[in-house]
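Colleague: Could you walk me through one part of this model up close, starting with how its strands pair and then moving on to the rings?

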Amino acid sequence: MGLMTDLSALSHESRRFEPPAELAASANVTAEAYEQSNKDRLAFWETQADRLLWDRRWDEVLDWQPPFASWFVGGRLNASVNCLDRHVDNGLGDRVAYHFVGEPGDTRTITYAELLKEVSKAANALTELGVEAGDRVCIYLPLIPEAAIAMLACARIGAAHSVVFGGFSAQALIDRIQDANAKVVITADGGYRRGAPSALKPAVDEAVAQCPSVTSVLVVKRTNQEVAWSDKDIWWEDVVDRQPDTHQAEAFDAEQPLFLLYTSGTTGKPKGILHTTGGYLTQVAYTHWAVFDLKAETDVYWCTADVGWVTGHSYSVYGPLANGATSVLYEGTPDAGGKDRWWQIVEQYGVTILYTAPTAIRTFMKWGDDLPGSRDLTSLRVLGSVGEPINPEAWIWYRDVIGGGRCPIVDTWWQTETGAMMISPLPGVTSCKPGSAMGPLPGISVDVCNDAGKSTSAGFLTLNEPWPAMLRGIWNDEARFRETYWSRFEGRYFAGDGAKWDEDHVLWLLGRVDDVMNVSGHRISTTEVESALVSHPSVAEAAVVGANDATTGQAIVAFVTLKSAAVDDGEALLKALREHVAKEIGPIAKPRTILITPELPKTRSGKIMRRLLRDVAEGREMGDVTTLADPTVVNAINEKMGTSSGED
Ligand code: WT7
């Protein structure tokens with residue numbers, strides 16, 4: 001995303017939308033929260049930690065040895081008990097935890113008491129399989145209740161889960177299992193995707209063959225498709241169903257690893273982001289309650305994210321369950337069973353809070369107002385957005401067409417690394433500007449600074465105080481942790497995003513400033529796609545850039561040069577290259593456009609000039625080409641661009 005273009009484009013938004021009076025009058029959080037947290041940030045977070053059930057209270061709220069933080073030092077708790085047992089013990093066992101909606105139309109209603117039993121059985125099963133506190137378990141599942149059950153079962157016995165999105169390839173799974181040294185993989189025969197069963201087990205078979213650390217593979221039966229079977233494989237129903245449905249959970253240290261979640265960085269290898277227990281749970285519970293104004297007794301909350309992403313971890317599983325909320329969990333794609341499937345679900349379950357991504361909102365805009373218009377969406381009262389900047393048109397459409405003009409929109413900025421929401425309006429307090437995440441939440445401190453680290457109105461977004469849900473490191477890679485987040489600005493976390501304060505001191509997020517693309521709210525690194533491309537036998541060199549895209553935010557555009565022996569058979573080659581990337585990383589990383597060019601534009605020192613490629617990809621005149629080693633390359637690329645259809 002062109003930082004400077006956006007700076008000028010966004011500087012004049014003057015529309016304001018006040019919180020609805022009724023919501024403001026009964027809001028969970030008032031403006032006082034900002035005052036309290038400003039007065040004493042750590043005391044504020046201690047108050048929030050008291051939302052949880054601790055077996056042992058902490059001795060010290062924060063031990064900060066930059067860049068390493070320990071929150072609630074000495075405290076002990078169990079995340080699974082906080083999400084389940086304590087609600088059941090409080091008499092809420094019959095409250096629905098999840099309304100599950102499968103893509104083919106099957107449904108399951110799971111109360112807190114039932115979820116506790118399922119999680120207890122799964123915890124007992126994992127123990128039987130030899131999983132112990134401190135181990136890692138890889139979860140590769142569709143968005144079915146067993147995904148949440150598996151996560152909570154791991155948490156219950158102190159094993160860290162590493163959820164790998166079901167759309168990732170066998171190779172991506174291998175990298176993640178090996179890096180984490182996972183002992184057990186939990187998967188399914190398949191899941192339903194776009195109206196058809198889609199296999200998961202073959203990727204696991206391929207991966208496990210190369211991952212000696214894995215001793216067992218637990219397989220949930222979801223689609224009943226044929227699967228190959230090895231001596232490590234066990235059906236979930238065969239081992240879980242026969243377990244006792246009670247499990248005495250042990251309390252763990254506040255800093256016990258809760259999960260690893262791999263995310264793309266600027267280099268090819270994904271980073272295992274490490275989150276721990278007490279601080280993480282405190283901040284996800286607080287933000288889920290505060291930012292959505294959650295009334296757990298009456299709200300029906302739906303976060304549309306897959307559990308393969310951090311949004312699913314924090315706001316489909318840990319946040320809502322810690323708060324005793326009732327959530328919808330929907331397995332499929334937005335158009336499975338009709339392009340109004342989501343609005344059908346909202347109507348049927350009386351969803352009151354909807355949390356989704358701008359890319360989905362823009363897709364629905366394209367599909368037209370009639371689809372949501374023909375459903376009763378009057379139950380909705382708060383709308384959330386996450387994953388990328390939401391453009392003002394999409395914001396207004398979301399508010400008017402989905403929210404009927406009644407609902408506040410909370411645009412929430414955060415990252416896999418931050419674990420929980422950081423920048424967002426509060427629905428009962430903030431007067432919102434469409435397209436802006438407005439400002440830091442209570443207890444959070446941000447600073448926009450220039451290259452020299454000096455506060456400025458437009459520049460790099462940094463977080464200058466530690467926060468409870470912050471990442472505790474990159475798994476097995478302290479050097480990369482320090483280098484990526486803490487080296488650019490002394491003592492401060494560098495988020496990788498550009499940001500700007502406007503004339504009203506409202507904060508605007510401007511997209512990534514590094515070589516990370518954001519496609520449909522998912523992070524993919526340019527180098528990761530480049531390495532995938534050059535691993536194809538026909539490819540000599542590849543350069544990948546993110547280009548603005550009206551629906552997905554950014555789209556992947558690849559410039560590729562071929563080996564001299566390779567045959568350019570046009571569409572067939574382009575198709576093969578896209579498939580190759582899908583195999584190496586996953587279908588989400590398939591380039592939208594691939595251009596085969598005779599050369600890549602390079603400086604005399606051999607550095608690829610991405611700026612020029614971004615110009616080409618976004619259809620602009622190319623900027624300054626004087627530093628190119630061979631300026632004629634530009635003409636060749638431009639010619640190609642003119643003749644390429646590019647898209648699938
Ligand atoms: C990157 C983090 C947080 C869960 C989903 C993505 C971008 C996220 C917003 C927003 C503008 C946003 C940033 C960030 N981003 N939310 N509301 N406004 N940009 O998690 O995969 O870790 O990606 O997503 O660029 O750095 P992620």
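Modeller: Strands pair if DSSP finds at least two bridges between them; strands (E, at least two residues) and helices (H or I, at least four) are DSSP runs numbered from the N terminus. It's a predicted model, so local features need pLDDT of at least 70 and side-chain atom pairs 80 or more, while totals for chains, interfaces and linings use all residues. Residues count from 1 along each chain as its sequence is written, and side-chain values use heavy atoms, without hydrogens or water.

Take the open sheet: four strands, ordered 21-22-24-25, with antiparallel pairing. Strands 21 (446-449) and 25 (507-512) sit at the edges with a single partner strand each, so one side of each lacks a neighbour in the sheet. Strand 24 (residues 493-501) runs antiparallel to strand 25, joined by four bridges; Asp497 has Arg512 of strand 25 as its bridge partner.

Tyr493 also belongs to a cluster linked by ring pairs (centres within 6.5 Å; planes under 30 degrees apart are stacked, over 60 edge-to-face, the rest tilted), together with Trp64, Phe68, Trp467, Phe481, Tyr485 and Trp486.

The whole structure has 37 aromatic pairs. One of them is Phe259 with Tyr280, edge-to-face at 5.1 Å centre to centre and 85° between planes. Phe259 is in strand 14 (residues 257-263) and Tyr280 in helix 12 (residues 278-291), so the pair ties parts 21 residues apart in sequence. Phe259 is buried at 0% relative accessible area (buried is under 20%, exposed over 50%, partly exposed in between, 1.4 Å probe, protein chains only). Tyr280, at 1%, is buried too. Tyr280 also pairs with Tyr318: centres 5.8 Å apart and planes at 85°, so edge-to-face. Tyr318 is in helix 13 (residues 310-322), 38 residues from Tyr280.

Technical notes:
Phe/Tyr/Trp six-rings, centres within 6.5 Å; stacked < 30°, edge-to-face > 60°.
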